[in-house]
Amino acid sequence: MSKNICHFYRQFARQLQILFAVVSIAAMPLVLATTVEAQEQHAPAVSMFEFAIPLQPLSPALLAFSRTTGIALLLAKSELQDKHTVSLNGTMTAEDAVQQLLTDTGLGYKFIDSETVSISTAHAQTVDPDNTAETPDNSDVGLGNDKAARIEETIVSARRRDEQLQKIPIPVSVIDSKLMDSADIFNLQDVAMRVPGLNVSYFSIGQPSIHMRGIGSNDDGAALDNSVVVFLDDIYVGRISTIDINVLDLQRIEVLRGPQGTLYGKNAIGGAINMVSALPRDQAGLQLSASIGNLGSNSLTGKLTGPLGSDALLGRLSVSTRARDGWQDNLTLGGERQHDDQNHSLRAKLLFTPQQDVEWYVAYDYSEDKLNSTGRIPVVGRVPLQFADALSTNSTAGSALPTDIFADLGGDPINATNGVSGYTDRTISGLTSRLNFEQPHYQLTSITGYRDSSFEWLEDSTGLPANAIALPISDFVDETHSQFSQELRWSSVEGDTINYVLGVYYLREKTNRKEHWTIGGNTAQSHQQNTSDSFALFGEASYLVDPATKLTLGARYTYDNKDLEQQSRNGGSPAIILEDFDLNSSASWKDISPSASLSHQVNDDLMVFLRIARGFKNGGFQGAPPTAEAAMREIDPETAWDYELGLKSLWYANRLQLNIAGFYTKYKDLQVTQFATIDNFGIFQTSNAGTATLTGLEAEFILNATEFLEFGGNYALLDARYDNFNDVQGGDFSGNRLRQAPKHSLSLNARYRWTFQPGDLSLRLDYRYQSRSYQEPDNEVTRMPAFDLLDVKLSFNSSATNWDVSLWAKNLLDEEYISHLYLLGGNDYALFGTPRTVGVSLRYSSL
């Protein structure tokens, strides 16, 4: 054991040396260009900005300031009520500008860091037109200070302009960089734990099953798209094998629930996950973090930003490496450890501002995953499997349920028996260019993106060795994908009465997917090569009916075309692919989807809204079709009408934020994928359900009980059912629940902070509960049991230095739970979630 520990620490030290070498090399131009003077306050570097802000209410004036400088605002909107500002014109620093804007308003400011400023009456001492020096701010000291506990306003760009979260008539959840750090969020499953209505499980890292309010896509063929889509810096990330991207160095994640299409390049019928990466800063900064834990887990992250020779060219580089040993032993393969984790990621950005009204942003991201097997566990047996010697003896008596065979071999969730040593190799890369031209009354934006990926995966499907069963099954995937997209957007600058966004969008995708199933000694093969072209016109305009009421109308025109070549070979296999065929198929679809919303600001702390939107997802062709007939069958597009009624509110002197949304959604021709059982095996089949209805209620809250005690969380109540669904084999599933649509899901968190002379000590608890759900339209199989999880983190932040240290535990109570469930040959097989992990993290930050 001591030899393994020494080996781990040697690996850890080597990774640390590599990280510091990369960061040091990247830092050379910054060191040559900039000398950073340590400051107790995080005032921005002395960069000059050209301002042209007319006399107007303070709220839109501050948003104009944020657009010009790129500095995020933290504020309580109730403090802006009935306040106006003077006009601001000319060239000056960001600090001079915010001082002038807040003159005679009774408000002050405090820079949290170089790109975030807090505005509050608590900082009022910082505004003195005759003295620009900042007076030390002691107003937040003391448990009884009401102002210190107020919730600060969140600014988002979910609707393609900077807006206050509480004034957007759409159900939106926001996870900012601070929450990502404090809750250790690494992937989409971590995000789903904190968003009502979002459910993510993994058949593999390249085949995640993502559902929003019960709507999602499970067909991973080359010619079908996802219902819930991801955007990274406005670039569509749609291919299922690449959609779960690393969240390294993101500024925030915005999750929009319900159909989205009038503001996004690509249609999103189920919802959109908008990832916004952190921009380069004009002040040099560095962040290094390291973590070690049980199961040999270790991670290293480095972030570096600052000017590259001049204030007009800024850069940012982020790198990370993460590794963990497997937590599952393989009894068949000599104790091989399975369910490990290994990722290397990089994100590099340049921001060039040659003049005040022109901004060019270029970004590159790269991610690599290398994983071993994720052992499958038989959990429900219904159909017996033949023993290995049954074929040679020509006997039909030698059989047993897979669960019994697994138990006889000594298997359990942490001791697997799969006979194939599986693996995953995945690489993802992307290049983004965003060019902004801003004029006094409008802004033109060009967004160009190219993404490329490869995904190779092998897994034992039954989790049982070849010496135990007659016909073991393994699944192999080899896929490459590339895409190019171009979006042009014309939007208004913040106005008094009308705001608008108009856009044109083009996307080309190429997917080459090969999949092989080895059943006994025979191999069935499916090869699909698809080219998709998508063109869209979209737009949305908001009209201020009166000072408190806003009407928003939008529409989207979509044209999609798919050309598919496919070749399939039976190879003597008893299932999956039933015949040989070679086919070329082509289809196209058109659609117009409108949306409308009406919002009313009852008072400064309460907004109610009504939203109606039509969603559209294009059609396609089934993945891995068993016959030529199934391969030729065109899958129809699915459509939805969504009705939302909600409120966004602040209570208890801005200490409680409560947002509630109720929805009713009617789906038509919902695309549904099943694995139909044939003997001990089966075939894939994708078809259109007649109709489905979704009704539900979602609530999110933040409560700052005191200056030191905070609560937060969300709850979703969901009833998602098929109204009318008869599959191609005649099965009637009308009235059944949709897959991955738990009736209840709950997330709660609490944080308590102790303040004393050396720094702050904080304790954070995160709790998640999910009720029973289903993985198939047939609710008699693949019933996912309810589960709950608890995470905890104890952190110390030094007030005198830039260091902090944390002790953390995920799945603190070591809950044994199923994270994914699937049907094969009439039996249920599961992937179990990661058991308890504990560790310590250390971070240095001058960002």
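Predicted model: local features only at pLDDT ≥ 70, side-chain atom pairs only at ≥ 80, totals over all residues.

Core first: I looked up the largest nonpolar core, which has 33 residues, and Ile 405 and Ile 576 touch the most other members.

Next I checked the contacts of Ile 405, skipping neighbours within four places in sequence. I found Leu 385, Phe 387, Ala 400, Leu 464, Ala 468 and Ile 469. There is also a second, separate core of 27 residues, and Val 230, Ile 243, Ile 245 and Leu 250 are among them.

On to charges: I get 39 salt bridges in the structure. Arg 513 pairs with Asp 220, with the closest N and O atoms 3.2 Å apart. Arg 513 is in strand β32 and Asp 220 is in the loop between β13 (215-216) and β14 (228-232), so this pair ties together parts 293 residues apart in sequence. Are these two buried or exposed? Arg 513 is buried at 5% relative accessible area, and Asp 220 is buried at 17%.

Then I looked at Asp 723 and Lys 666, which meet in a salt bridge at 2.9 Å, N to O. Asp 723 sits in strand β44 and Lys 666 in strand β40, 57 residues apart. Asp 723 is partly exposed at 33%, and Lys 666 is partly exposed at 33%.

Last entry: Arg 213, Arg 257, Glu 644, Glu 698 and Glu 700 form a network of salt bridges.

Methods:
Residues numbered from 1 in each chain as written. Heavy atoms only, no water. Core = buried A, V, L, I, M, F, W, Y, C linked by side-chain atoms within 4.5 Å. Buried < 20%, exposed > 50% of the residue type's maximum accessible area, 1.4 Å probe, protein only. Contact = heavy atoms within 4.5 Å. Salt bridge = Lys/Arg side-chain N within 4 Å of Asp/Glu carboxyl O. Helix = DSSP H or I, 4+ residues; strand = E, 2+ residues; numbered from the N terminus.
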